[in-house]
Amino acid sequence: MSYSYQVKSLEEYNAAYKKSVEDPEGFWSAIAENFLWRKKWDKVLNWNFTEPSIKWFEGGKLNITENCLDRHLATKADQPAIVWEPNDPKDNKVVLTYKELHFKVCQFAHVLKNNGVKKGDRVCIYMPMVPELAIAVLACARIGAIHSVVFGGFSAQSIADRIQDAQCSTVITADGGFRGSKVIPLKAVIDDALISSPSVKKVIVLSRTHIPVSMINGRDVWWSEEINKVQNADCPAEIMDSEDMLFILYTSGSTGKPKGVVHTCGGYMVYTNYTFVNVFQYQPGDIYFCTADIGWITGHSYIVYGPLSAGATTLMFEGIPTWPDAGRFWEIVDKYKVNILYTAPTAIRSLMGFGLDFVNGKNLSSLRVLGTVGEPINEEAWHWYDDNIGKKKCPIVDTWWQTETAGVLISNIAGITPQKPAHATLPLPGIQPILVDEKGDEVKGNGVSGNLCIKFPWPSIIRTTYGDHERCRQNYFATYKNLYFTGDGALRDEQGNYRITGRVDDVLNVSGHRIGTAEVENAINMHTGVVESAVVGYPHDIKGQGIYAFVIFNGNMDDKELLKHGIVQTVAKVIGAIAKPDKIQFVSGLPKTRSGKIMRRILRKIAEGETSNLGDTTTLLDPAVVEEIKNGRI
């Protein structure tokens, strides 16, 4: 497969960008022609950002799995589609060719149907990083069921919230998962979540760790036993409308419960494929390794749908970068002769701390392109990655995007457009960014900063938040008129390169995972004796941002360390380990305005170690509390 839409030079990028802005419908129509459609679309784009209502390739009929699997069978049947590296390097790898993956997806699609799953049903997937996770995702898409993957680190309460919100009828899980030296129970967590989730009628369980699990008669079935019941593995793909729902993925917001971001079939397919092929400059035959978990949007778009729709070989890794030692990533690159490596700044910073002993001796000469995702990469980590992993020969694509955007929006294109350390650089074709001030007025010119918005839709933009369209409007389209607001601040340098400066709302970015402060505060406040709490982010050497909690506690504080441990465990139980506070400071009060609003800006500065320049505190209800908090800073 050659990619006629892959830009090969700076001139081609400039021409593509110009056309995408001047004639977006013509531009995206030409790219969409490269896919398998059962019926062509009637209209390329119909949109407004007021409701919002966004429809791409309206009236088009397709199935994304035919584009990821069936269309490659004529030319790539025996090419590896998924290469799986297990947690334990001593275990056997799994290689699935396009023919084998197609067979397994069709087979499991029958399992879903046999267990009552129909087009439009929501299916919750809570699994380890094994090939069956990708198979489950694709099987849902094959029959028109809507998958909602939940990362394997979330708690029972977090899963229950997501299952209830989406009203899932089926859960696909495993007995457990391997993560480094640990065995993580998954089925037991699902059992806890289902106590309060009456919508779930069936649970399909993969045997991975062989830990004992409870199997409820009539509800729970084993994956392997259900596969054995499938007589004929031929499963024609359900014909979907371009704007039919493909999946729901939950993401933290600045208030309360996570929201279900909805993506649809046609535009999502076109955009993830286009960005995969272009940003990484993918060449047929490349071995591509994205280290993310499929539980996050990066895994959906750049382990499963983007690479497979491009006929690529995508490498899935079950384990963690530091086990059995901190050389694991580099061993994998060496073992499989990886050409493209896409990972998170958190992982790079963590591995930097182990020194170069784990890098030396590994053959990394196959690498052609490096990438980062999840958060802005700091210059020190960028240079370490460039010097020691890329040997100064590999372009680094610093990709900026979000769950809501479904694909990369701002990034250099590997080896084609200029790179600049710690800068996402230029928008991709089809993306029209704009910086605005607090009032929503455009900040023009270069060498400026502001809130990052996008003024025109791209094919994979969020369509709604599941079951609550008003929340979608409020969150993304109501802050600034006729603009999609990203929630991020950005600088634009003299050359027009963008540098993302972080969230401007109450959302933390911890190791590339978005966590709402309100969510963490709600969890802390569930701990007995906690009266109130306020959570802010602070710079963290490894995670990028750490979580700093200020807690008012009413009760016995004889053993503060034990108390802190208890609060941390409460957060882990309610949300999951990824949301655990790094620092907890007990305070007698919080800096509040007379109307009762917590002044987070003051707490943020104190957490960051800035104690002299806190701005005007005279308007606070009790200014003295600021001194106490400053003096007690951890």
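Predicted model: local features only at pLDDT ≥ 70, side-chain atom pairs only at ≥ 80, totals over all residues.
User: What volume does the second largest pocket have?
Analyst: The second largest pocket comes to about 310 Å³. It is lined by 16 residues, and those closest to its centre are K104, E132, I135, L206 and W223.

User: Which elements supply at least two residues of that lining?
Analyst: Those are strand β5 (94-97) and the helices α5 (98-114), α6 (131-143) and α9 (223-228).

User: And the lining by class, how many of each?
Analyst: The lining has 9 nonpolar residues, 4 polar and 3 charged.

User: Switching to rings. How many aromatic pairs?
Analyst: The count is 43 aromatic pairs. One of them joins F276 and F280, with ring centres 5.9 Å apart. Their planes stand at 55°, so this pair is classed as tilted.

User: Are F276 and F280 buried or exposed?
Analyst: Both F276 and F280 are buried.

User: What about Y302 and W401?
Analyst: Y302 and W401 make an edge-to-face pair, 5.1 Å between centres and 85° between planes. The two residues are 99 residues apart in the chain. Y302 belongs to helix α11 (residues 297-309), while W401 is in the loop between β20 (396-398) and β21 (433-436).

User: Why does W401 count as buried?
Analyst: Because its relative accessible area is 11%, and the cut-off for buried is under 20%. Y302 is also buried, at 0% relative accessibility.

User: Last one: which charges sit over rings?
Analyst: Among them is K40, whose charged end sits over the ring of W41 at 5.1 Å from the ring centre. R162 lies over the face of F154, 4.3 Å from that ring's centre.

Technical notes:
Residues numbered from 1 in each chain as written. Heavy atoms only, no water. 1 Å grid on protein atoms, 1.4 Å probe; cavity = no way out; pocket = protein on both sides within 12 Å on 5 of 7 lines; lining within 4 Å. Points joined across faces, edges and corners; volume = space filled by probe spheres on them. Helix = DSSP H or I, 4+ residues; strand = E, 2+ residues; numbered from the N terminus. Nonpolar A, V, L, I, M, F, W, Y, C, P; charged D, E, K, R; others polar. Phe/Tyr/Trp six-rings, centres within 6.5 Å; stacked < 30°, edge-to-face > 60°. Buried < 20%, exposed > 50% of the residue type's maximum accessible area, 1.4 Å probe, protein only. Lys NZ or Arg CZ within 6 Å of the ring centre and 35° of its normal.
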